[in-house]
Amino acid sequence: YSFISEIARGEFSTIVKGIQKSSDAVVVAKIFEVTEENEEDIVAEFDNFKTLRHERIPALFAAYKPLNVPIAIFIMEKLQGADVLTYFSSPK
C-alpha cells in the first residue's frame, strides 16, 4: 500500500487515504496506536468490521498488527458519499 494523505484524526486512530499497489484501488487505512488500555477495544472493532455488511459501512479488506510495533492497521474500502454516521444524523 502507498498512503497518500490524512483524511481524519481522532483520539484513538488516524484515517489515511491510500492506493493498493497491486491493483491501483483506492483504499482507506485506519491506523491505531495500540496500548494495554485500548487493545481489547481494537480487537472488538476488528470483530465487528468482519461481520458488518452495509452500503454505508466500509468493507474490511485486511488487518495488520506488526510484531514489535505498537500499531494496528485496518485496510478498508473507500466509500463514496456520506458515511453511516453522517447519513443517519442528517435531516430527512
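User: What makes a polar contact between the side chains of threonine 14 and arginine 9?

Analyst: This is a predicted model, in which local features need pLDDT of at least 70 and side-chain atom pairs count only at pLDDT 80 or more, while totals for chains, interfaces and linings use all residues. Residues are numbered from 1 along each chain as its sequence is written, and side-chain values use heavy atoms, with hydrogens and water left out. The two side chains come to 3.4 Å, and a polar contact is a pair of N or O atoms within 3.5 Å, where within protein one must be able to donate a hydrogen and the other to accept it, and residues adjacent in sequence count only if both atoms are side-chain atoms.

User: Why is threonine 14 called buried?

Analyst: Its relative accessibility is 15%, and buried means under 20% relative accessible area (exposed is over 50%, partly exposed in between, with a 1.4 Å probe and protein chains only), so threonine 14 counts as buried.

User: How do you know that strands β2 and β3 pair?

Analyst: Two strands pair if DSSP finds at least two bridges between them, and 8 bridges join β2 (residues 13–20) to β3 (residues 25–33), which run antiparallel. Strands are DSSP runs of E with at least two residues, numbered from the N terminus. Threonine 14 is found in β2, and valine 16 stands opposite alanine 29 in β3.

User: What is the strand order of the sheet, and why are β1 and β4 at its edges?

Analyst: The open sheet of 5 strands has the order β1-β2-β3-β5-β4, with antiparallel pairing. Since β1 (2–9) and β4 (60–64) each have a single partner strand, one side of each is left without a neighbour in the sheet.

Methods:
Helices (H or I, at least four residues) and strands (E, at least two) are DSSP runs, numbered from the N terminus.
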